[in-house]
Amino acid sequence: MQTFRRMTGAIIMALCEIAVGILLLVEPVGFTAGIICVCGVLLVLSGLVQVISYFRASPEESVRRHGLTKGLLCIVGGLFCALRAQWFIATFPVLTILYGCSTLVLGIHKIGLSIDLARLKSRSWKWALLDAIVTLICAIVILCNPFTTTAVLWIFVAVSLLVEGLIDFISAFFVRKSTKDVDDDTVIDAEYSVTEKQEP
């Protein structure tokens, strides 16, 4: 069940990557500003909930959870996102570097996953390795930033999200299938061992 939830989450994330990539290609600036505003509103709501929970909880529990500090930080950050979304658009190159760093870390993680699958004799390790290589290439290109204009950088980020999302979706599907096969084989081996022990 835990494996099923993990793989389902990976498939959902891949579909989200594809959707974001398409929207960035259609309207990069407007979509990004809208997402930032929505995130800001969600942060404000989360901060309000934490502040209210702080005053409703006992003093001992409030001190332990630091709900007031967290809530106020969320509210300030949310207001900044909602009211100054264009600031994030203006600093897009800096945000792109952060995105490139996170993509690089993700690619390294995927390399480890492909090696794990290869050691498990899973046939899907090649898909996972291809996914990792594509992710690492996208990360390196984004970090090197050879583009002459920000518009071209927007397009590359959108295309990289689309490609990564498609490969993530395919690899997650095959990894899920291969993991199920490995679990089934493990169950069969365990049942066979128990049967052997029960025989006189």
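This is a predicted model: local features need pLDDT of at least 70, side-chain atom pairs count only at pLDDT 80 or more; totals for chains, interfaces and linings use all residues.
User: OK, what is Asp168 in contact with?
Analyst: If we leave aside neighbours within four places in sequence, Asp168 is in contact with Ala14, Glu17, Lys110 and Asp131. Ile11 lies 157 residues from Asp168 in sequence, yet the two C-alpha atoms are 7.3 Å apart in space.

User: Switching topic, which residues are closest to the centre of the largest pocket?
Analyst: The largest pocket holds about 1200 Å³ of space, and of its 37 lining residues the closest to the centre are Met13, Glu17, Tyr99, Leu106 and Leu161.

User: Which helix gives the most to that lining?
Analyst: Helix 6 does, with 11 residues, while the elements giving two or more residues also include helix 1 (2-26), helix 2 (28-56) and helix 8.

User: How many of the lining residues are nonpolar, and how many charged?
Analyst: The lining divides into 25 nonpolar residues, six charged and six polar.

User: What about the largest nonpolar core, which residues are in it?
Analyst: That core has 10 residues, among them Leu24, Phe92, Phe147, Trp154 and Leu161, and helix 8 (residues 150-198) gives the most to it, with five. Apart from this core lies another, of five residues, including Ala33, Ile36, Cys81 and Phe88.

Conventions. Residues are numbered from 1 along each chain as its sequence is written. Side-chain values use heavy atoms; hydrogens and water are left out. A nonpolar core is a set of buried Ala, Val, Leu, Ile, Met, Phe, Trp, Tyr and Cys residues joined through side-chain atoms within 4.5 Å. Buried means under 20% relative accessible area, exposed over 50%, partly exposed in between (1.4 Å probe, protein chains only). Helices (H or I, at least four residues) and strands (E, at least two) are DSSP runs, numbered from the N terminus. Contact means heavy atoms within 4.5 Å. On a 1 Å grid over the protein atoms alone, a cavity is a set of points where a 1.4 Å probe fits but cannot get out, and a pocket is an open set with protein on both sides within 12 Å along at least five of seven lines; lining residues have an atom within 4 Å of a point. Grid points are joined across faces, edges and corners, and a volume is the space filled by probe spheres set on the points. Ala, Val, Leu, Ile, Met, Phe, Trp, Tyr, Cys and Pro count as nonpolar, Asp, Glu, Lys and Arg as charged, and the others, Gly among them, as polar.
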